[in-house]
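Reader: Walk me through how to read packing in a model like this. Keep it brisk.
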Amino acid sequence: MDNQNNLMEKIVALCKRRGFIFPGSEIYGGLAGTWDYGPAGSLMKKNIKDIWWKELVQLRDDIVGLDAAVMMNPRAWEASGHVEAFTDPLVECKICHQRFRADKLEEIASHEETHKGQKVTWTEPQKFNLLVKAYLGIIEGKQSEIFLRGEITNGVHVNFRNVLDSTRVKIPFGIAQVGKAFRNEITPGNFTFRSREFEQMETQFYIKPDGKEGEKWFEYWKKNRMDWYLSLGMRQENLRFRDHEDNERAHYALAATDIEYNAPWGWQEFMGVHHRGDWDLKRHQEFSGQNLTVKDLETNEEYLPWDIETSAGVDRSFLFILVDSYREEEGRVYLKLSPKIAPYKAAVFPLLANKPELIEKARGIYEDLKKDFMVAWDDRGNIGKRYAAQDEIGTPYCITVDFDTLKDDSVTIRDRDNAKQIRVKIDEVRGYLLDRIK
Ligand SMILES: [Zn+2]
């Protein structure tokens, strides 16, 4: 466990040192549960979201995108059950952070038994609203209270009819969305894992209300999402499914599975697949008075579709991809990030910073490559230090222009993972890189 704590300390320090993640509003002493992504972190986070979007929206015919507002009519949160469900006095298990109604003594006792032999302590009961309140309106005293969204799902369901009427989608189809959500977490912690402001990427996949269909698509999305994380280079032994027990499923879920990561502090959920049935559409139909049914073109029967949801934390995916990629080998620290995810795909160095002919040559390569992808430039210090800096942000390839370049128009390309170097003709560099970073 000490090694593991040690690992998290190293990762937090690396994130600060290399510009991945900074504590939120740090110069004012911070704001608990908020984080700011730096130059390297913002690039990597964007890459994760872009790859996700490309695979689920661009490459598929049966999913369309949406970008709903963070602020919604408060009735939407009544319909979704959030207003009601999160205003009870709650206590939170300090070991696993599960919350229980303070008056459900049996549930609390049986939960303690699940931590076999461990001493379980609880937070004091608090009247707890997970939704973050905000106020709209300019006249003091006449402002209306609204909520910042506690999850991004609701903005999709309330647009179900709009999407259906404005596109050519037919059941089964999905709506994808990426965006921020806000929660009054009692105990933020474990670096960015439990934050008060975070980003989600979700698909709501609407299907016919049929048991077999439900099972089929639930299994389909489980496998699809696990395969996606594996395709990003995460190690299989660090990923697993965990099905929710009957008593831990959310009020709406017919079936639910988490994908968990073997984090330094234990297995932790970072994405879920949820069979939500018709719970959301039914509630929004009831609370809005609008008809949200679809018509089966063959049977003319009208029905409310079921929803199979995939819901991933962007920040949690980021954190675990980063942790999973961390390597210390032969005194060298590097991030073995998939080139698709790495903030920069390549770095270009002139061997010496005070030789104009080297600078000019290197600058030309840099300007050419950055039209196609993110490229870093570094002419400070010695080559060893530049390699170390790029290794720590996971840059897969470093290109050095040296004195031989001036004679043979070739450069050295150094591979992050094995530190091996090869010579490549300048006019072949772009193709060499593109073949390897796709
Ligand atoms: Zn617990």
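Reader: Leaving aside neighbours within four places in sequence, which residues is Ala347 in contact with?

Author: First, the ground rules. This is a predicted model, in which local features need pLDDT of at least 70, side-chain atom pairs count only at pLDDT 80 or more, and totals for chains, interfaces and linings use all residues. Residues are numbered from 1 along each chain as its sequence is written. Two residues are in contact if their C-beta atoms, placed from the backbone, lie within 7 Å. Ala347 contacts Val375, Ala376, Asp378, Gln390, Thr395, Cys398 and Ile399.

Reader: Which residues touch the most other members of the largest nonpolar core?

Author: In soluble globular proteins, nonpolar side chains tend to be buried together. A nonpolar core is a set of buried Ala, Val, Leu, Ile, Met, Phe, Trp, Tyr and Cys residues joined through C-beta atoms within 7 Å. Buried means 20 or more other C-beta atoms within 10 Å of a residue's own, exposed 12 or fewer, partly exposed in between, with C-beta atoms placed from the backbone. Here the largest core has 57 residues, and Ala346, Ala347, Val348, Ile365 and Ile399 touch the most other members.

Reader: Where does this core lie relative to domain 1 and domain 2?

Author: Domain bounds come from an automatic or database domain assignment. Domain 1 (2-75 + 148-324) and domain 2 (344-437) both contribute residues, so the core lies between them.

Reader: Is Gly174 buried or exposed?

Author: Gly174 is buried, with 25 other C-beta atoms within 10 Å. Beyond four places in sequence, Gly174 touches Asp62, Ile63, Thr203, Gln204, Phe205 and Tyr206.
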